[in-house]
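Hi,

Here is the structure I said I would pass on.

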Amino acid sequence: MRKPRDFDAELKSLEEKARDLKARKVQQLGELVISTGADALTADELAGALIVLAETKDAGKREAWAKRGAAFFPGRTRRTASASDRDVGGAQPQPGGAQPASGSAGAE
């Protein structure tokens with residue numbers, strides 16, 4: 001006879017993996033905010049900038065933002081770059097890039 005599957009244990013394992021993935025995502029988003037220099041912004045400024053970004057439908061603007069973001073991670077993908085690589089990689093040019101987005105959010 002076959003050994004019965006322990007569905008409860010499998011479900012618990014999947015829930016733990018989901019929690020770990022969510023925690024990793026939150027950590028990586030925090031690292032990104034810090035490495036870009038956006039941690040100098042207030043929470044309201046950052047939220048406003050992200051809302052404007054999410055609401056923007058202009059393909060040209062989105063493409064320009066994507067190119068600038070890709071340039072922030074030169075020669076590596078976001079998933080494979082460690083946090084220390086990102087911190088060293090280019091925190092200098094990006095704080096200026098983060099500021100106008102929040103400025104335009106506050107202007108509305």
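Let's start on the surface: Leu-50, Leu-53 and Trp-65 make a nonpolar patch there, with about 270 Å² of accessible area together. A patch takes residues with over 30% relative accessible area and no salt bridge, joining nonpolar side chains (Val, Leu, Ile, Met, Phe, Trp, Tyr) within 5 Å and like charges within 9 Å. The areas come from the Shrake-Rupley method with a 1.4 Å probe, and for residues only the protein chains shown count as cover. Trp-65 sits in helix 3 (residues 59-72), and it counts as partly exposed because its relative accessibility is 36%. The cut-offs are under 20% relative accessible area for buried, over 50% for exposed, and partly exposed in between (1.4 Å probe, protein chains only).

Before you go further, note that this is a predicted model: local features need pLDDT of at least 70 and side-chain atom pairs pLDDT 80 or more, while totals for chains, interfaces and linings use all residues. Residues are numbered from 1 along each chain as its sequence is written, and side-chain values use heavy atoms, leaving out hydrogens and water.

Now the overall picture. The protein has 5 helices and 0 strands, where both are DSSP runs numbered from the N terminus (helices: H or I, at least four residues; strands: E, at least two). Of its 108 residues, 17% are buried.

Which residues of helix 2 are buried? They are Gly-48, Ala-49 and Val-52. Looking down the axis of helix 2, these fall within an arc of 100°, so they line one face. That arc is taken from the directions from the helix axis to the C-beta atoms. Ala-43 and Ala-54, on the other side of helix 2, are exposed.

How many salt bridges are there? The count is 1, a salt bridge being a side-chain nitrogen of Lys or Arg within 4 Å of a carboxyl oxygen of Asp or Glu. Arg-5 pairs with Glu-10, and their closest N and O atoms are 2.7 Å apart. Arg-5 is exposed at 52% relative accessibility, whereas Glu-10 is partly exposed at 33%.

Last one: Thr-36 belongs to helix 1 (residues 7-36) and is buried, at 16% relative accessible area.

Cheers
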